[in-house]
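Morning, everyone. I'll walk through one model today. Here it is on the screen.

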Amino acid sequence: MTTGCGRHPPERISACLFDLDGTLIDSEPLKNLAHVQAVHALSSGALPRAQDVVAAATNLIGVPTPDTAIDLIRRFGLERTVLARQRQLGLDAPWKAYAGLQQELYEKLQDQPGALSRAQFPHAVSLLKKVRELGLKTGLATMSFRRDVQHALELLGWSSDFDAVVTGDEVSRGKPDPEIYL
């Protein structure tokens with residue numbers, strides 16, 4: 001595999017970087033379902049419609065976890081129950097109470113037999129496998145948290161498919177900033 005551009009000589013491609021969510025797997029439906037379950041668990045009155053929670057969460061894709069949690073807490077009037085959960089768990093911020101519950105629910109959904117296997121994007125996974133067959137280095141650059149990434153890679157049997165993995169909790173600036181790629 002070579003590439004060339006203008007007067008520059010062709011260079012050999014030596015590595016490929018992949019993203020996880022939305023590239024190798026379609027994790028958003030599971031994450032959205034976990035948001036619905038978290039909002040419903042923390043609602044003290046009438047339960048918001050699932051489609052309203054999904055719409056709100058979908059609009060927040062790519063937004064850092066604290067901002068997502070704060071927005072959903074405010075949007076669905078969860079302040080009182082989240083504050084009680086925060087105190088009960090001894091956390092230092094309300095958003096952590098919401099995010100922790102949503103994360104717990106997301107992990108349970110991931111652990112359901114075949115859930116992540118069904119969420120794979122077959123063509124992207126084939127590309128990953130082909131790149132590995134060609135002996136190229138592979139990297140995973142994802143804004144997900146390391147514990148989530150490791151869990152997903154283990155469930156999918158991909159733990160050894162990446163030479164390097166960089167996660168959102170290891171960088172100070174999120175995408176589209178190039179820090180995670182560098």
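Contact here means heavy atoms within 4.5 Å. Helices (H or I, at least four residues) and strands (E, at least two) are DSSP runs, numbered from the N terminus. This is a predicted model: local features need pLDDT of at least 70, side-chain atom pairs count only at pLDDT 80 or more, and totals for chains, interfaces and linings use all residues. Residues are numbered from 1 along each chain as its sequence is written, and side-chain values use heavy atoms, with hydrogens and water left out.

Start with α3, residues 65–75. Which of its residues are buried? Thr68, Ala69, Asp71, Leu72 and Ile73. Buried is under 20% relative accessible area, exposed is over 50%, partly exposed is in between, with a 1.4 Å probe and protein chains only. The cover over those α3 residues includes α1 (28–42), α2 (50–59), α4 (79–89) and α5. After α3 comes glycine 77, with a positive phi near 60 degrees.

Next, α5 (94–110) against α8 (146–156). The angle is about 10 degrees, and the axes are 11 Å apart. Axes are lines fitted to C-alpha atoms, for helices over the stretch in contact; angles run from 0 to 180 degrees between N-to-C directions. So α5 and α8 are roughly parallel, a label for angles under 35 degrees. From α5, Gln103, Glu107 and Gln110 make the contact; from α8, Arg147, Asp148, His151, Ala152 and Leu155.

Last, cysteine 16, in strand β3 (15–18). Cysteine 16 is partly exposed, at 21%. Beyond neighbours within four places in sequence, cysteine 16 contacts Val131, Leu136, Lys137, Thr138 and Gly139.

Notes:
Parallel < 35°, antiparallel > 145°, perpendicular 65-115°, else oblique.
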